[in-house]
Amino acid sequence: MTEAATAPNRAMMQRDLASAALGMVVEHDDPGHAVVSMRVRDDMTNGFGITHGGLVFTLADTAFAIACNEDETVTVAAGADITFLKSTVAGQTLTATAVRRTRSGRTGLYDVSVVDEHGDAVAEFRGRSLSTNRTL
């Protein structure tokens, strides 16, 4: 992976205050593939004491954003959905792995798997991307 290949993602993530506030760590950022981890804190749990689903979605969405921003063109989400498979609690570490399934013209399709520290499936996310006319 070259510095030029990861430059768009690094620039985007340097400005991503939400992901930084949640303590997300970019483990891997090749074009079309990204891995992001996040340790679940007490303030990330819901009224049932489990990880808030919106934060699991946010982790997956961040990995998706990194994977689909493959060049200098700003690419955004056109839509996404998630299936929650297992609940987690504070103290656990979640890892989201995003993989490009297809990219054609201005649209793309990406799958993101979220697992816990044992490798157990927590959620499956599918994102649809749209490349804009803007550049970084």
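Me: Is Glu72 buried, exposed or partly exposed, and what is the value?
Reply: Glu72 counts as partly exposed because its relative accessibility is 42%. Buried means under 20% relative accessible area, exposed means over 50%, and partly exposed lies in between, with a 1.4 Å probe and protein chains only. This is a predicted model, in which local features need pLDDT of at least 70 and side-chain atom pairs count only at pLDDT 80 or more, while totals for chains, interfaces and linings use all residues. Residues are numbered from 1 along each chain as its sequence is written, and side-chain values use heavy atoms, with hydrogens and water left out.

Me: Where is Glu72 placed?
Reply: Glu72 is in the loop between α3 and β3, and β3 covers 73-84. Helices (H or I, at least four residues) and strands (E, at least two) are DSSP runs numbered from the N terminus.

Me: How many helices and strands does the protein chain have, and in which pattern?
Reply: The protein chain has three helices and six strands. Along the sequence they follow the pattern α-α-β-β-α-β-β-β-β. The radius of gyration is 14 Å, close to the 14 Å that the globule rule gives for 136 residues, so the protein chain is as compact as a globular protein of that length. That radius is taken over C-alpha atoms, and the globule rule is 2.2 Å times the number of residues to the power 0.38.

Me: What does the C-alpha trace span along its principal axes?
Reply: The C-alpha trace of the protein chain spans about 45 × 25 × 25 Å.

Me: What is Leu59 in contact with, beyond its neighbours within four places in sequence?
Reply: Leu59 is in contact with Met24, Val36, Ser37, Met38, Leu94, Thr95, Ala96 and Val114. Contact means heavy atoms within 4.5 Å.

Me: And how much of the protein chain is buried?
Reply: Buried residues make up 37% of the 136 residues. Of the contacts with a separation of 6 or more, 64% join residues 24 or more positions apart.

Me: Is Asp116 buried or exposed?
Reply: Asp116 is buried, because its relative accessible area is 3%. Asp116 is found in the loop between β5 and β6. Leaving aside neighbours within four places in sequence, Asp116 is in contact with Lys86, Thr88, Gln92, Thr93, Leu94 and Val122. Asp116 and Thr88 are 28 residues apart in sequence and 7.7 Å apart in space, C-alpha to C-alpha.

Me: What about Ser129: where is it placed?
Reply: Ser129 is in strand β6. Ser129 is buried, with a relative accessible area of 4%. Beyond neighbours within four places in sequence, the residues in contact with Ser129 include Phe64, Cys68, Arg106 and Tyr110.

Me: Turning to glycines, where is Gly54, and is it buried or partly exposed?
Reply: Gly54 lies in helix α3 and counts as partly exposed at 30% relative accessibility. Gly54 and Ala67 are 13 residues apart in sequence and 20 Å apart in space, C-alpha to C-alpha.

Me: And where is Gly49?
Reply: Gly49 is in the loop between β2 and α3. Gly49 is partly exposed, with a relative accessible area of 37%.
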